Amino acid sequence: MTSKVFLALRVPADPMRAFKVFTQEIASWWKPSGLFRVSDTGDGRLAFEPGEGGRLLTTFEDGSTFEIGRISVWEPGKRLVFAWRQANFSAEHSTEVEVCFEPVGAETRISIEHRAWDTIPRRHAARHGFPEEATLQRAADWWRNSLHVFKERIAGSDDA
Amino acid sequence: MSAHELDRTLAALGDPCRRRVVDLLRERPRRAGELAEAAKIAFPLMSRHLKKLRESGLVEEDRDEFDSRVRIYRLKPKPMADLKRWLEETEALWSRQLAAFKAHVQKSRK
């Protein structure tokens with residue numbers, strides 16, 4: 001059973017610049033989603049505090065802030081991992097987002113993996129000592145059902 | 001879906017053994033002993049996992065129709081449906097944000 005969302009897209013910038021824009025200009029490109037404050041449609045102004053241990057914070061118009069999560073991996077031009085807690089999550093619970101930047105010619109393939117659990121990437125179902133069985137595969141298919149449509153959509157929108 | 005329910009679902013599924021149980025129960029209802037055997041763990045440990053799954057609302061127990069001493073565990077559909085919806089929403093969110101990020105990179109390209 002998998003519980004992650006994975007998306008990738010190519011952007012016209014080298015990985016260092018893509019990383020910089022992603023982290024330093026998030027307030028400019030982030031679209032309001034209503035995730036970080038229950039009673040408000042706005043997400044506030046998002047900002048990464050650079051470096052491992054830094055926070056992804058959002059600041060609302062009234063000056064109050066909400067910590068979305070802590071940064072656990074900060075590798076400029078390569079990889080970024082941070083915790084992700086929405087306003088409606090309880091304080092002790094969070095999920096994890098991993099963003100990878102890979103060069104493709106002069107451009108960058110940026111991928112996002114959002115994991116509902118597991119704080120490290122799960123590459124193999126067998127890691128936990130359970131054999132990879134047909135049942136697990138079927139369960140994974142059940143989970144991925146909705147992802148297929150989406151992948152096609154992303155592929156269609158990726159003009160690279 | 002309340003956020004609290006999603007939290008409970010995520011917490012319950014944060015353990016690989018409990019995910020295994022959910023996978024097994026997705027096929028059909030099973031007895032605790034059967035689950036312990038299939039997951040290759042000791043029965044008392046399986047009982048604790050089943051308790052946690054019951055508390056989180058993912059699983060419910062019934063008595064066997066032929067032998068009331070035997071408990072049968074089955075998956076409750078709502079928490080899983082809620083989780084699936086959260087995954088879909090999360091996916092839609094990142095799809096939108098990545099597209100916005102790309103547009104921003106293009107616009108600010110020098």
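Two strands are taken to pair if DSSP finds at least two bridges between them, and helices (H or I, at least four residues) and strands (E, at least two) are DSSP runs numbered from the N terminus. The model is predicted, with local features requiring pLDDT of at least 70 and side-chain atom pairs counting only at pLDDT 80 or more, whereas totals for chains, interfaces and linings use all residues. Residues are numbered from 1 along each chain as its sequence is written, and chains are lettered from A and ligands numbered from 1 in the order in which they are written.

Chain A contains three helices and seven strands, which follow one another from the N terminus as β-α-α-β-β-β-β-β-β-α. The seven strands form an open sheet with the order β1-β7-β6-β5-β4-β3-β2 and antiparallel pairing. Its edges are β1 (4-11) and β2 of chain A, each of which pairs on one side only. From one strand to the next, the twist averages 20 degrees, where axes are lines fitted to C-alpha atoms, for helices over the stretch in contact, and angles run from 0 to 180 degrees between N-to-C directions.

Within this sheet, strand β3 (residues 55-59) of chain A is joined to strand β4 (residues 65-75) of chain A by five bridges, the two running antiparallel, and Leu57(A) lies opposite Glu67(A) of β4(A). The hairpin of β3(A) and β4(A) has five residues between its strands, and Gly63(A) in this hairpin adopts a positive phi near 90 degrees. β3(A) also pairs in the antiparallel sense with strand β2 (residues 45-48) of chain A, over four bridges, with Thr59(A) of β3(A) opposite Arg45(A). In the hairpin formed by β2(A) and β3(A), six residues separate the strands, and Gly51(A) in the turn has a positive phi of about 100 degrees.

A residue is classed as buried if 20 or more other C-beta atoms, placed from the backbone, lie within 10 Å of its own, as exposed if 12 or fewer do, and as partly exposed in between. Of the 160 residues of chain A, 26% count as buried.

Further along the sheet, six bridges connect strand β5 (residues 79-84) of chain A with strand β6 (residues 95-104) of chain A in an antiparallel arrangement, and Val81(A) stands opposite Glu98(A) of β6(A). Helix α1 (residues 15-24) of chain A packs on the sheet, where it touches β1, β2, β5, β6 and β7 (107-115) of chain A, and its direction makes about 150 degrees with that of β6(A); two residues are in contact if their C-beta atoms, placed from the backbone, lie within 7 Å. Helix α5 (residues 77-107) of chain B also packs on this sheet, touching β1 and β7 of chain A, with its direction at about 15 degrees to that of β1(A).

Chain B has an open sheet of three strands in the order β1-β3-β2, again with antiparallel pairing. The edge strands are β1 (30-31) and β2 (59-63) of chain B, each pairing on one side only. Strand β3 (residues 71-75) of chain B runs antiparallel to β2(B) and is joined to β2(B) by five bridges, with Arg74(B) of β3(B) as the bridge partner of Glu60(B). α4(B) packs on the sheet against β2 and β3 of chain B, and its direction makes about 110 degrees with that of β2(B).

Helix α4 (residues 43-55) of chain B also packs with helix α3 (residues 32-39) of chain B at an angle of about 110 degrees, their axes being 9 Å apart. α3(B) and α4(B) are therefore roughly perpendicular to each other, a class that covers angles of 65 to 115 degrees, with those under 35 counted as roughly parallel, those over 145 as roughly antiparallel and the rest as oblique. The contact involves Ala32(B), Gly33(B), Leu35(B), Ala36(B) and Ala39(B) from α3(B), together with Phe43(B), Met46(B), Ser47(B) and Leu50(B) from α4(B). Ala36(B) counts as buried because it has 20 C-beta neighbours inside 10 Å.
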